[in-house]
There are 2 protein chains.
Amino acid sequence: MTKMSKPRPISGFPEWTPPQRMIEQRFLDKIKSVFELYGYAPLETRAVEPLDQLLRKGETSKEVYVLRRLQEDPGSPADDSLGLHFDLTVPFARYVLENSGKLQFPFRRYQIQKVWRGERPQEGRYREFVQCDIDVVDRDTLPPHYEAEMPLVIGDALGSLPIPPVTIQVNNRKVCEGYYRGLGLGDPEAALRAVDKLDKIGPGRVAELLVETAGATEAQAKAVLALAEISSPDASFADAVRALGVSDPLLDEGLAELVEVVETAAAYAPGLCVAELKIARGLDYYTGTVYETQLAGFERFGSICSGGRYDNLATSGNERFPGVGISIGLTRVLGLLFGADKLAISRDVPTCVLVALGDEEHRRSADGIAAALRRRGIPTEVSPTAAKYGKQIRYAERRGIPFVWFPGQPDSVKDIRSGDQVEADASTWAPPAADLYPTIN
Amino acid sequence: MTKMSKPRPISGFPEWTPPQRMIEQRFLDKIKSVFELYGYAPLETRAVEPLDQLLRKGETSKEVYVLRRLQEDPGSPADDSLGLHFDLTVPFARYVLENSGKLQFPFRRYQIQKVWRGERPQEGRYREFVQCDIDVVDRDTLPPHYEAEMPLVIGDALGSLPIPPVTIQVNNRKVCEGYYRGLGLGDPEAALRAVDKLDKIGPGRVAELLVETAGATEAQAKAVLALAEISSPDASFADAVRALGVSDPLLDEGLAELVEVVETAAAYAPGLCVAELKIARGLDYYTGTVYETQLAGFERFGSICSGGRYDNLATSGNERFPGVGISIGLTRVLGLLFGADKLAISRDVPTCVLVALGDEEHRRSADGIAAALRRRGIPTEVSPTAAKYGKQIRYAERRGIPFVWFPGQPDSVKDIRSGDQVEADASTWAPPAADLYPTIN
């Protein structure tokens, strides 16, 4: 075997420790369970997509990792037309088109997978990370009430986790585009791209951009910024928009949809949603509601959960599947909270009981005790060696295993935190419920 | 938006339907839960490894997928020294070396992830698939009792799944190598490689190979085949080996270890393990016990769960971490059983209750009913439209959703399989336990 030098981490590819991974798994279980409570069915797509699929979103093309087989068979078709997916929306749109004949519409699915982006790593950005997506797509038309459902699911999912409170900021592309059109702006998409930079470059520079890139007059730029300033936790934003005196049918449609989203959320989860009319989202395929989510105390790191409505992503020939979706950036949430020491777990291993070993000859009977405990759902391991009991107890202590079992006549079990030791029978003893599994604190 | 032609599957990259994915998730939950009952801590490593790590196993090098960023930044370090992992053992060995200062040894971890192999696709072979691994590594030395533990964990994990029974075939490299040495064979590794082909090419051709490639005489070749014929579900294989009259200290050591594995399994899970002295495993890094697993009725597709002891995989400078591990090929198991129509699930979605809608104005109160049911853990969705009730019931029927809820004064709920309809209150009603979640049958 080749020896090797000590390996080192690769920037942008995080690896959690086993206790951190236990926390991540607990988060995944909670998120999955909320998604299923809402009836979303699970889907997992392959990690790779044909390059032409991945490049349909132009702006992200340089982030794509392309695959190549190390040793191509001569004469076999090249594999380098495949790349790793960089989100779960593009693969989902492809899946819907590929399987449209077999799926029942409206189709509600969730998808929790790693995605890869070959961007330059920076704080809070990863090259490999986990996303947790829900989407609803329908054939031909999609009722707008699904746009109101997304924040409710996310509110329940994130609310089930031991993390700071979140605020979901919502806007509607129709409001912006209708308003820009009503203003007489020639290039609403360029205006949207300028407004998207508001938090980064400030209103003065955005006004300049609007003039330079979207062909706005100074008065139009001012009016665009006036819209972007509007924000309310209830439907009052609609009055504030109307007070600006711009009128357009698309604007009215967008306002009605956004009012519905905000009012549904207010009825169901007060304080969860805020209409925030500066929210633009970078991606150009959104056509209705858009979402971003801020984690209290970590606002400067940007949105941890984003999405929106898209009408034209899954379209092939005469088939058209409008959809709406939202995606939790789980790796980012965990990275922020781990980095700030805000998440810990009560032990390093799932084990609740370590069965101590008087001598190696009794290993098989110790295995029998462990088996009896496991049959009743108690995570148990047997001591690695028949060392002195003090050393075996330290094995448990170093991992945070709360109980050590001593075979004998009768057996006894010791809570090594308190030192309490009691007689016990492997066919009946159980730990306190709070000790059965590691707990997040 | 670009329209696109109907996409097609990519050979070797399976995608399960949502009901199949529900089955896979149920399998994953069971496997994970058994691994944790034995105290294995979860680990997830990044999907990529430096190429030099991946190429340490020479024979698999041509299966590696190498990554390249579509648009490299000029002057940035090339990323194409990274490849996708093709198993979870090599990444685990790297992880142990990288983090040896932080880990507690012996270190017991499980790891469930996708792996990628750029091999030519064929029946039952995938380019992307899920493996479920457990390994124990220790610093410097690893007690052989961990070799006896692997089959017990796997027996419990696979035994918890609704699949045909399995048989774990075990052997020990020391038995083969010691026996070959005792026979006076010059190249025991070449002999092992020849024996590994026994099931494919038969004993006559293996005998020829032994002569051609391992420098065996005809008598030696015959003796090698005599060893490979030995098989027993108990420790009697050891007597059969000794009756062949070959003696070597390594052979004795291997026999003692293999007896321990088989006897532990017989005590704990009768019928699970068979000593099968022809089992060689292709990989050259195994140094002790090796495992293969056959699924009853699907033997011809090869092992669904394999592994072994390795003493030199994680070695760097003066650090040495011997280990033993075993890996369930979950995608292969599912592919075989789905292909044979042996696994189905009672519905296509997690939803247990569909709340019907009399008219669109009552959507918010229907949302309230759904919320009340979800709060008590009942997966619920609200009807997509206020269509005629017959159409809403068909929405539920097509997905296998068992109950439709009719808001009213009072509300009522209908089991659409039996047609039974009863008055119900969303704050107290519960479905029969068997209907709460989809069941595998």
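Colleague: Start with A:Asp341. Is it buried or exposed?
Modeller: A:Asp341 counts as exposed, because its relative accessibility is 69% and the cut-off for exposed is over 50%. Keep in mind that this is a predicted model.

Colleague: Where in chain A is A:Asp341 found?
Modeller: In the loop between helix H11 (330–339) and strand S13 (353–355) of chain A.

Colleague: And what is phi of A:Asp341?
Modeller: Near 55 degrees, which is a positive value in a residue other than glycine. Most residues other than glycine have a negative phi.

Colleague: What about phi of A:Asp140?
Modeller: Phi of A:Asp140 is also positive, near 70 degrees. That residue sits in the loop between strand S6 (128–137) and helix H4 (145–159) of chain A. With a relative accessible area of 43%, A:Asp140 is partly exposed.

Colleague: Step back a bit. How many helices and strands has chain A?
Modeller: Chain A has 14 helices and 17 strands. Its C-alpha trace spans about 90 × 60 × 45 Å along the principal axes.

Colleague: What share of chain A is buried?
Modeller: Buried residues are 61% of the 441 residues. Chain A exposes about 17,200 Å², and carbon and sulfur atoms supply 50% of that area.

Colleague: Now A:Gly12. Where does it lie?
Modeller: A:Gly12 is in the segment before helix H1 (18–37) of chain A. Its relative accessible area is 13%, so A:Gly12 is buried. The C-alpha atoms of A:Gly12 and A:Arg125 are separated by 7.0 Å, although the two residues are 113 apart along the chain.

Colleague: On to helix packing. At what angle do H5 and H6 of chain A pack?
Modeller: Helix H5 (residues 173–183) and helix H6 (residues 188–195) of chain A pack at about 120 degrees, with axes 9 Å apart. H5(A) and H6(A) are therefore oblique to each other.

Colleague: Which residues make that contact?
Modeller: From H5(A), A:Arg173, A:Cys176, A:Glu177 and A:Tyr180; from H6(A), A:Pro188, A:Ala191, A:Leu192 and A:Val195. By class, the contact of H5(A) with H6(A) has 6 nonpolar, no polar and 2 charged residues.

Colleague: Switch to chain B. At roughly what angle do the axes of H5 and H10 cross there?
Modeller: Roughly 155 degrees, and the axes of H5 (residues 173–183) and H10 (residues 249–268) of chain B come within 7 Å. H5(B) is therefore roughly antiparallel to H10(B).

Colleague: Left-handed or right-handed crossing for H5(B) and H10(B)?
Modeller: H5(B) passes H10(B) in a left-handed crossing. Among the residues that meet are B:Val175 and B:Tyr179 in H5(B), and B:Leu251 and B:Leu258 in H10(B). The residues of this contact of H5(B) with H10(B) divide into 6 nonpolar, 2 polar and 5 charged.

Colleague: Last topic, peptide bonds. Which kind joins B:Phe105 and B:Pro106?
Modeller: A cis bond, with omega about -5 degrees. B:Pro106 is in the loop between helix H3 (89–98) and strand S5 (107–116) of chain B. Most peptide bonds are trans.

Colleague: And what about the bond from B:Gln409 to B:Pro410?
Modeller: That peptide bond is cis, with omega near 5 degrees. B:Pro410 belongs to the loop between strand S15 (403–406) and strand S16 (412–415) of chain B.

Note on methods: Residues are numbered from 1 along each chain as its sequence is written. Chains are lettered from A and ligands numbered from 1 in the order in which they are written. This is a predicted model: local features need pLDDT of at least 70, side-chain atom pairs count only at pLDDT 80 or more; totals for chains, interfaces and linings use all residues. Side-chain values use heavy atoms; hydrogens and water are left out. Axes are lines fitted to C-alpha atoms, for helices over the stretch in contact, and angles run from 0 to 180 degrees between N-to-C directions. Helices (H or I, at least four residues) and strands (E, at least two) are DSSP runs, numbered from the N terminus. Angles under 35 degrees count as roughly parallel, over 145 as roughly antiparallel, 65 to 115 as roughly perpendicular and the rest as oblique. Contact means heavy atoms within 4.5 Å. Ala, Val, Leu, Ile, Met, Phe, Trp, Tyr, Cys and Pro count as nonpolar, Asp, Glu, Lys and Arg as charged, and the others, Gly among them, as polar. Buried means under 20% relative accessible area, exposed over 50%, partly exposed in between (1.4 Å probe, protein chains only). Accessible areas come from the Shrake-Rupley method with a 1.4 Å probe; for residues, only the protein chains shown count as cover. A crossing is left-handed if the near helix is turned anticlockwise from the far one by less than a right angle, and right-handed if clockwise.
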